[in-house]
Amino acid sequence: LQMLERQVVGGEQAENKDLKEKQKRRKKYAAERRMQLVAALQQSDEDSSDWVLLNVYDSIQEEVRAKSKLLEKVQKKLRAAETEIKDLQSEFELEKIDYLGTIRRLERDLMLFQQLLDQVQSLVRRDCNYSNLEKVKRESVWDEEAGCWKIPEPVIEKTRLP
């Protein structure tokens with residue numbers, strides 16, 4: 001009766017030592033792996049632990065609640081990222097508008113100065129080196145240290161007739 005009991009309780013392979021050894025190795029490997037996962041979870045920070053789920057749920061409702069909480073966390077992060085993107089876009093748009101306004105103002109100033117030069121050039125004496133603006137532009141040099149143009153001094157060339 002006891003022999004029959006051992007065979008029924010353990011099945012056909014109850015006396016198989018190789019099978020018992022194999023089961024012990026599997027249990028040992030599973031326990032080691034579980035310990036590694038627990039250690040990894042303890043070492044990881046809160047954000048990365050959201051991605052490693054090592055939970056055993058008693059019911060589907062618990063699993064749904066846990067995953068709903070995780071979903072809410074991710075949705076909050078998503079909303080925060082979307083808000084940040086909108087803020088950056090609006091800031092970029094304001095900077096762009098400011099730059100375009102500056103460019104327009106500088107273009108108007110350039111046009112004003114060009115028109116002033118055109119009007120004043122006719123009043124400059126012909127024997128002055130400033131009567132030829134193209135020559136003055138060619139002789140002008142940008143000074144990096146001072147941050148300004150070095151323009152040649154005005155010179156009046158007196159010509160004498162023999």
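Colleague: Which element gives the largest share of the lining of the largest pocket?
Modeller: That share, five residues, comes from α4, in what is a predicted model where local features need pLDDT of at least 70, side-chain atom pairs count only at pLDDT 80 or more, and totals for chains, interfaces and linings use all residues. Residues are numbered from 1 along each chain as its sequence is written, and side-chain values use heavy atoms, with hydrogens and water left out.

Colleague: Which elements give two or more residues to that lining?
Modeller: Those are α4 (60-121) and α5 (133-139), where helices are DSSP runs of H or I with at least four residues, numbered from the N terminus. A pocket here is an open set of points on a 1 Å grid, where a 1.4 Å probe fits, with protein on both sides within 12 Å along at least five of seven lines, and lining residues have an atom within 4 Å of a point.

Colleague: And what sort of residues are they?
Modeller: The lining divides into eight nonpolar, three polar and one charged, and among its residues are Phe113, Gln114, Tyr130, Lys137 and Trp149.

Colleague: Changing topic, is Leu112 buried, partly exposed or exposed?
Modeller: Leu112, which lies in helix α4, counts as partly exposed because its relative accessibility is 43%, given that buried means under 20%, exposed over 50%, and partly exposed in between, with a 1.4 Å probe and protein chains only.

Colleague: How much of the protein is buried, then?
Modeller: Buried residues make up 5% of the 162 residues.

How values were computed: Ala, Val, Leu, Ile, Met, Phe, Trp, Tyr, Cys and Pro count as nonpolar, Asp, Glu, Lys and Arg as charged, and the others, Gly among them, as polar.
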